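Here are my notes on the model, as numbered points. Please read them with the structure open.

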Amino acid sequence: MTQTEVDIVKKTATLARLELGEAEIAKFGEQFGRILEAFQKLSKLDVSGVEPMTGATALSDVLRDDRAKPSLERERALSNGPKHDGEYFIVPKTIGGDA
Amino acid sequence: MSQTAIPTSGPTPQGVGVVSKKTGVRWVPVIGLEVHCQLKTETKLFCSCRYEFGASPNTRVCPVCTAQPGALPVLNREALALAVRVAVALGANVAPRTKFDRKNYFYCDLPKGYQISQFDQPFCTGGGLTLPSGKRVRLTRIHLEEDAGKAIHDRGDTTLVDLNRAGVPLIESVTEADMQTSDEAYEYLTSLKEILQYAGASDCDMEKGSLRCDVNVSVRPEGEPWRTKVELKNLNSFKNVKDAIEHEIERQIEAYESGDKSKFPVQETRLYDATTQTTRTMRSKEDAHDYRYFPEPDLVPFHVEPAFVELQRTMLPELADARRARYQRDFGLSAYDAGVLTGSRALADFFEMVVKLSGNAKETANWITNGVLANLSDPTIAAKTVDELPFRPHDLAELVQLVTDRTIHNNVGRTVLRAMFETGKSARQIVKEQGLEQVSDEGQLEKWCREALVGKDKVIADVKAGKTKAVAALMGPVMKASKGSANPQLVQEILLRIIQTEM
Ligand SMILES: [Zn+2]
């Protein structure tokens with residue numbers, strides 16, 4: 001396993017909020033290496049003139065009308081969360097956030 | 001989020017910027033804006049929940065916008081239509097093909113762990129708008145994305161999450177760094193808001209979160225390349241935007257002029273605090289997010305046909321700029337009145353409907369700018385906006401006609417308008433009920449005139465001596481006696497006739 005593979009696994013784990021032990025890093029690093037190798041093979045293909053695909057279906061332009069349908073009852077929506085107070089989902093204190 | 005490419009240099013505008021008292025260096029600010037506007041659709045961007053500001057928490061959510069496993073997003077046609085309409089209004093290029101991407105980050109108000117946004121194929125690029133000052137501000141791009149939910153941190157030692165907002169349709173417009181002063185940024189926001197409101201695309205109400213603005217600011221000595229830009233967030237009003245930019249320009253100039261490299265501005269996001277009017281670091285470039293954009297596999301690509309773009313163009317009403325010019329040109333209104341009457345599309349539409357019915361643009365303009373708007377800003381009147389008026393355009397046109405054909409006196413007209421606000425009754429009905437019709441009956445007028453003349457020897461003497469203007473002193477008592485209904489022109493004629501022929 002190369003240092004690059006270790007770094008990629010560590011970075012990916014951080015971004016995915018996963019805590020990995022040394023053994024796991026080694027295992028996933030090896031798997032990552034093989035995946036990257038496969039992609040390197042793909043990147044050698046000549047795809048000039050081929051439209052990039054963004055999905056596995058040939059569908060496009062699937063739209064819906066702007067007409068409201070009933071939302072979930074709050075009780076049901078909240079019941080799928082980790083914790084709630086009957087009105088809000090309750091989560092550990094988190095300050096910050098994003099745009 | 002910023003996707004604006006930063007040029008390393010640009011043309012130096014003449015005479016703009018701040019000359020440092022300390023060093024004599026002319027510092028030129030470089031300002032760009034990123035504005036999020038909520039689209040005025042009935043439902044969210046990818047699900048059929050009806051969002052409503054102020055709705056009870058977590059009552060406008062469904063499997064899609066709470067990210068239940070297996071739920072699939074489907075794009076709202078009206079959101080795409082409104083977005084394209086905005087693009088047309090801003091002279092932007094609508095892309096023939098567009099797609100959505102996932103922007104990945106973890107936060108408690110983002111149930112999926114990613115936001116559906118647009119990365120490399122936004123639905124539109126280019127365009128821009130011309131400020132009232134004549135300055136042109138170019139747009140880099142506009143893209144569609146979904147809003148996040150709301151996290152509340154100030155209640156106890158946990159965070160509360162309301163997902164009603166999650167999935168609400170937004171358009172994010174990004175300008176080129178074309179602005180050099182806080183005033184230009186303010187003007188840009190005002191103009192953008194006006195266009196979006198006229199287009200019927202967004203309410204642009206900062207208080208309700210339907211318009212949000214982030215600013216990118218840097219400064220550079222005149223003629224030198226661009227320097228590090230700083231992003232400002234947490235700007236809750238247009239005035240905050242202006243103040244924050246001014247503060248940030250000052251802060252950056254001071255930092256550079258200190259000569260201490262450790263104090264130089266770094267690429268970071270700063271939060272504005274309106275109470276102290278200062279900014280503080282939120283995050284530096286080092287903890288900047290790695291969003292790992294990739295195409296959203298749950299959505300298909302979209303083709304925006306030229307016919308769809310043209311349809312949206314036909315849905316665009318005449319914008320405020322064009323109306324201001326037309327009101328001055330065709331109606332002979334002052335620039336000021338034209339500005340007041342185009343303050344909102346609802347007001348401008350109302351004005352035009354009344355003009356069509358009254359046939360008198362100038363009088364109608366007067367009655368709206370002086371009468372209707374004064375009543376709307378009166379706290380004792382229930383209606384606060386044109387949409388809430390208790391009467392129809394037809395009713396105001398009737399009032400204008402009653403005044404112009406002298407059925408009622410101007411002052412009586414004011415009383416009638418007030419009564420229209422209070423009762424919602426038509427002008428004619430109020431005039432009839434309260435007996436306000438201008439009295440032109442000579443016998444009745446003569447009676448009031450003779451009463452008013454009693455004991456007014458000085459006035460009588462003055463008039464007889466040729467000072468006919470002295471008769472004005474008698475008008476008040478006659479109008480009072482008639483409760484404002486006397487035809488003032490006739491009253492004057494009768495008073496003069498009595499004095500000159502009988503006294
Ligand atoms: Zn929903």
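1. Start with the helix pair. Helices (H or I, at least four residues) and strands (E, at least two) are DSSP runs, numbered from the N terminus.

2. Who makes this contact? Helix 1 of chain B brings Leu80(B), Ala81(B), Val84(B), Arg85(B) and Val88(B), and helix 4 of chain B brings Phe308(B), Val309(B), Gln312(B), Arg313(B) and Met315(B). Contact means heavy atoms within 4.5 Å. By class, the residues are seven nonpolar, one polar and two charged. Here Ala, Val, Leu, Ile, Met, Phe, Trp, Tyr, Cys and Pro count as nonpolar, Asp, Glu, Lys and Arg as charged, and the others, Gly among them, as polar.

3. The model is predicted: local features need pLDDT of at least 70, side-chain atom pairs count only at pLDDT 80 or more, and totals for chains, interfaces and linings use all residues. Side-chain values use heavy atoms, without hydrogens and water; residues are numbered from 1 along each chain as its sequence is written, with chains lettered from A and ligands numbered from 1 in the order in which they are written.

4. Confidence next. The predictor gives the complex an ipTM of 0.89 and a pTM of 0.83. Chain B averages a pLDDT of 91, with 96% of the residues scoring at least 70. For chain A the average is 88, and 94% reach at least 70. pLDDT is the predictor's confidence in each residue, from 0 to 100. Within chain A, helix 1 (residues 3–15) is lowest at a mean of 87, and strand 1 (residues 63–64) is highest at 98.

5. Watch one stretch. Over residues 1–10 of chain B, pLDDT stays under 50, and the model has 30 contacts there beyond four places in sequence. Where pLDDT is low, predicted coordinates should not be read in detail.

6. Leu82(B) also sits in helix 1 of chain B. Is Leu82(B) buried or exposed? Leu82(B) is buried, at 1% relative accessibility (buried is under 20% relative accessible area, exposed over 50%, partly exposed in between; 1.4 Å probe, protein chains only). Leu82(B) touches Leu39(B), Lys40(B), Thr41(B), Gly200(B) and Ala201(B), leaving out residues up to four places away in sequence. Its C-alpha atom is 7.7 Å from that of Gln312(B), 230 residues apart along the chain.

7. Check two backbone angles. Asn58(B) is not a glycine, yet has a positive phi of about 55°. Asn58(B) lies in the loop between strand 2 (26–38) and strand 3 (75–76) of chain B, and is buried at 0% relative accessibility. Cys204(B) has a positive phi near 50°. Its loop runs between helix 2 (182–198) and strand 14 (211–221) of chain B. Cys204(B) is buried at 2%.

8. Glu398(B), in helix 9 (residues 393–404) of chain B, is buried at 12% relative accessible area. Glu398(B) touches Ser426(B), Ala427(B) and Arg428(B), not counting residues up to four places away in sequence. Glu422(B), in helix 10 (residues 410–423) of chain B, is exposed at 53%.
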